[in-house]
Amino acid sequence: MECPNCGAVLDLANHGDLVFDGRVWCDRCHEYGRELIRPRDLKEIQAWSSMICQEFGFPPVLLEENPDPAVSRQDAPVLMAEAEHRRRSIRFYAPGYRLATLCHELAHIYTGQDHSRDWAMMFAQLVAWVKTRIAEDRGPQGFRARLSIYAGVPQRVY
């Protein structure tokens with residue numbers, strides 16, 4: 001695969017250096033919008049997951065959480081989430097409650113593949129759909145797709 005802008009060869013094994021948004025880009029040519037990487041709570045991630053599964057005609061996926069900040073692996077300094085293909089489940093870790101992470105893991109579940117070309121294309125398609133919903137401010141019922149830049153920041157009291 002090549003970046004559609006600069007033509008750089010894209011290595012899916014180094015997916016942290018790539019941006020999946022309609023197509024697969026190098027991170028020098030494209031970036032995720034703020035709402036895709038903004039931390040959200042698990043209930044909102046679950047609502048987005050239900051909405052995505054319904055839109056794409058996939059059965060629901062079980063979402064679990066592991067809030068233990070000490071969880072890590074040798075090959076990943078920050079573990080965001082893990083997909084379990086057979087159980088059709090995703091386990092989220094404290095830093096991973098983000099829409100981009102949800103799309104990444106759902107692409108694993110939907111394709112049944114690790115970091116393959118099919119997985120990359122599904123991931124890019126999911127992000128593009130979520131991004132459209134964000135632009136229209138049409139998140140799941142009970143949740144705003146776009147939040148104030150100050151959302152989650154404690155208000156000062158004088």
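This is a guided tour of the chain, stop by stop, for use in a viewer.

**Before you start**

The model is predicted: local features need pLDDT of at least 70, side-chain atom pairs count only at pLDDT 80 or more, and totals for chains, interfaces and linings use all residues. Residues are numbered from 1 along each chain as its sequence is written, and side-chain values use heavy atoms, with hydrogens and water left out.

**Whole chain**

Show the cartoon. The chain has 4 helices and 5 strands, taken as DSSP runs numbered from the N terminus (helices: H or I, at least four residues; strands: E, at least two). Along the sequence the pattern reads β-β-α-α-β-β-β-α-α. Of the 158 residues, 41% are buried. Buried means under 20% relative accessible area, exposed over 50%, and partly exposed in between, with a 1.4 Å probe and protein chains only. Contact means heavy atoms within 4.5 Å. Among contacts between residues at least 6 apart in sequence, 54% join residues at least 24 apart.

**Stop 1: the sheet**

Select β3, β4 and β5. They form an open sheet of 3 strands in the order β3-β5-β4, with mixed pairing. Strands β3 (62-66) and β4 are the edges; each has a single partner strand, so one side of each lacks a neighbour in the sheet. From one strand to the next, the twist averages 20°. Axes here are lines fitted to C-alpha atoms, for helices over the stretch in contact, and angles run from 0 to 180 degrees between N-to-C directions.

Zoom in on β4 (residues 81-84) and β5 (residues 89-93). These two strands pair in the antiparallel sense over 4 bridges; pairing requires that DSSP finds at least two bridges between the strands. Glu-84 has Ser-89 in β5 as its bridge partner. The hairpin has 4 residues between the strands, and Arg-88 there takes a positive phi near 55°.

**Stop 2: charged pairs**

Stay with the sheet and pick Glu-64 and Arg-91. Their side chains meet in a salt bridge at 3.5 Å, N to O. A salt bridge is a side-chain nitrogen of Lys or Arg within 4 Å of a carboxyl oxygen of Asp or Glu. The pair links β3, where Glu-64 sits, to β5, where Arg-91 sits, 27 residues apart. Glu-64 is buried at 18% relative accessible area. Arg-91 is partly exposed at 33%.

How many salt bridges does the structure hold? There are 8. Select Arg-40 next. Arg-40 bridges Glu-35, with the closest N and O atoms 2.9 Å apart. Arg-40 also bridges Glu-44, at 2.4 Å, N to O. Glu-35 and Arg-40 are buried, and Glu-44 is buried too. Salt bridges that share partners join Arg-34, Glu-35, Arg-38, Arg-40 and Glu-44 into one network.

**Stop 3: aromatic rings**

Show Phe, Tyr and Trp side chains. Rings pair if their centres lie within 6.5 Å, using the six-membered ring of Trp; planes under 30 degrees apart count as stacked, over 60 as edge-to-face, and the rest as tilted. The count comes to 6 aromatic pairs. Pick Phe-20 and Phe-123: the pair is stacked, 4.3 Å centre to centre, with 15° between the planes. Phe-20 is in strand β1 (residues 18-21) and Phe-123 in helix α4, so the pair ties together parts 103 residues apart in sequence. Phe-20 is buried at 1% relative accessible area, and Phe-123 is buried at 3%.

Move to Phe-58 and Tyr-110. Their ring centres are 3.7 Å apart and their planes at 20°, so this pair is stacked. Phe-58 lies in the loop between α2 and β3, and Tyr-110 in helix α3 (residues 99-111), 52 residues apart. Phe-58 is partly exposed at 25%; Tyr-110 is buried at 12%.

Phe-20, Trp-119 and Phe-123 form one aromatic cluster.

**Stop 4: Ala-107**

Select Ala-107 in helix α3. Is Ala-107 buried or exposed? Ala-107 is buried, with a relative accessible area of 0%. Leaving out residues up to four places away in sequence, Ala-107 touches Gly-112, Trp-119, Met-122, Phe-123 and Leu-126.

**Stop 5: Arg-133**

Finish in helix α4 (residues 117-135), at Arg-133. Arg-133 is buried yet has no salt bridge; Glu-136, the nearest side chain of opposite charge, is 4.9 Å away. Lys and Arg count as positive, Asp and Glu as negative; His and the chain ends are not counted. Beyond four places in sequence, Arg-133 touches Trp-48, Met-51, Arg-138, Gly-139 and Ala-145.
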